[in-house]
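Dear colleague,

I am handing over the structure shown here, together with a short account of what was found in it. Please keep it open while reading.

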Amino acid sequence: MEASVGIRARPRAWAGLEKPHGVYFSARVPTVRFAAEKLPQRLVLGTDPWRSKGPVLRAAKLKASCCKKSAGTEKVHYSADEALILQQKAQDVLPYLDGRCIYLVGMMGSGKTTVGKILAEVLGYSFFDSDKLVEKAVGISSVAEIFQLHSEAFFRDNESEVLRDLSSMHRLVVATGGGAVIRPINWSHMKKGLTVWLDVPLDALARRIAAVGTASRPLLHQESGDPYAKAYAKLTSLFEQRMDSYANADARVSLENIALKQGHNDVTILTPSAIAIEALLKMESFLTEKTMVRN
């Protein structure tokens, strides 16, 4: 079964994630669906306060999500040139990946979901957002509400369970939560695949988060005052706590470096496709070097 990928004449900027508009041309990328035998017996564990104090199985929900909403079910928009480069680089990387999962790590608002969907589309992988899977596992509609009703620790426990279950699968691109890197156990799960850090300047993150609001960002939402100043201060504090953990990733995608390659220093005008291309280049470099060392 195939799914269409819309190619638009003008790429949208990284900072603007609104639904694009314009003229579309059709390209075809195969949709990958999991065979039943590839699904583990237990996929996502959560807690159900009405039925049990312990973990409950969420396999049916994750299986339905995996099969119903795989990477090829939504249109991803590229410029024609970017689409060609993405397809070429994806084909270069696929033999080295050998079905391993890709985990995107990085600060909140760094574009992990947007870039992850593009990578999944061109690689023929399926895409998952670990935050969304935690929400489904515990039966609560948002991360902010989970923090409010329970605690950050409760969320992190369920996040670790989700990552453990995903690590037993193959051919996934997973956008992780910004704080997933703080627990060593999560790295033991993610290192079964390939980890990619999207490194975005804090100033750009703060401006974007201040523009869209912090209601969905529980670690920022309690702050009052100037949105940009508060967001920047909190992001700086969080990054200082996490930067060594982010540096554990197999590949680092620096938006500042991408902008410099393009001859400017404004990361907010980078397209998600340009970031995805850089991610493929970094993955290829890491994987080929690893292969050479092994041989």
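Two strands are counted as paired if DSSP finds at least two bridges between them. In this predicted model, strand S5 (residues 102-105) and strand S8 (residues 194-199) meet that condition, pairing in the parallel sense over four bridges. Within this pair, tyrosine 103 has threonine 195 of S8 as its bridge partner.

S5 and S8 belong to an open sheet of five strands, whose order is S6-S7-S5-S8-S9 and whose pairing is parallel. The edges are formed by strand S6 (126-129) and strand S9 (251-254); each has a single partner strand, so one side of each has no neighbour in the sheet. On average, neighbouring strands of this sheet are turned by 20° against each other, direction ignored. In general, the strands of a sheet pair through backbone hydrogen bonds, in either a parallel or an antiparallel way.

A helix also accompanies this sheet. Helix H6 (residues 152-166) lies across S5, S6 and strand S7 (172-175), and runs at about 165° to S7.

The remaining finding concerns two other helices. Helix H2 (residues 80-97) packs with helix H3 (residues 112-123) at an angle of about 75°, and their axes are 9 Å apart. Angles of 65 to 115 degrees count as roughly perpendicular, and H2 and H3 are therefore roughly perpendicular to each other. On the H2 side, the contact is made by Leu86, Gln87, Ala90, Leu94 and Leu97, and on the H3 side by Ile118, Val122 and Leu123. By class, seven residues of this contact are nonpolar, one is polar and none is charged.

With kind regards

Definitions and conventions:
Residues are numbered from 1 along each chain as its sequence is written. This is a predicted model: local features need pLDDT of at least 70, side-chain atom pairs count only at pLDDT 80 or more; totals for chains, interfaces and linings use all residues. Side-chain values use heavy atoms; hydrogens and water are left out. Axes are lines fitted to C-alpha atoms, for helices over the stretch in contact, and angles run from 0 to 180 degrees between N-to-C directions. Angles under 35 degrees count as roughly parallel, over 145 as roughly antiparallel, 65 to 115 as roughly perpendicular and the rest as oblique. Contact means heavy atoms within 4.5 Å. Ala, Val, Leu, Ile, Met, Phe, Trp, Tyr, Cys and Pro count as nonpolar, Asp, Glu, Lys and Arg as charged, and the others, Gly among them, as polar.
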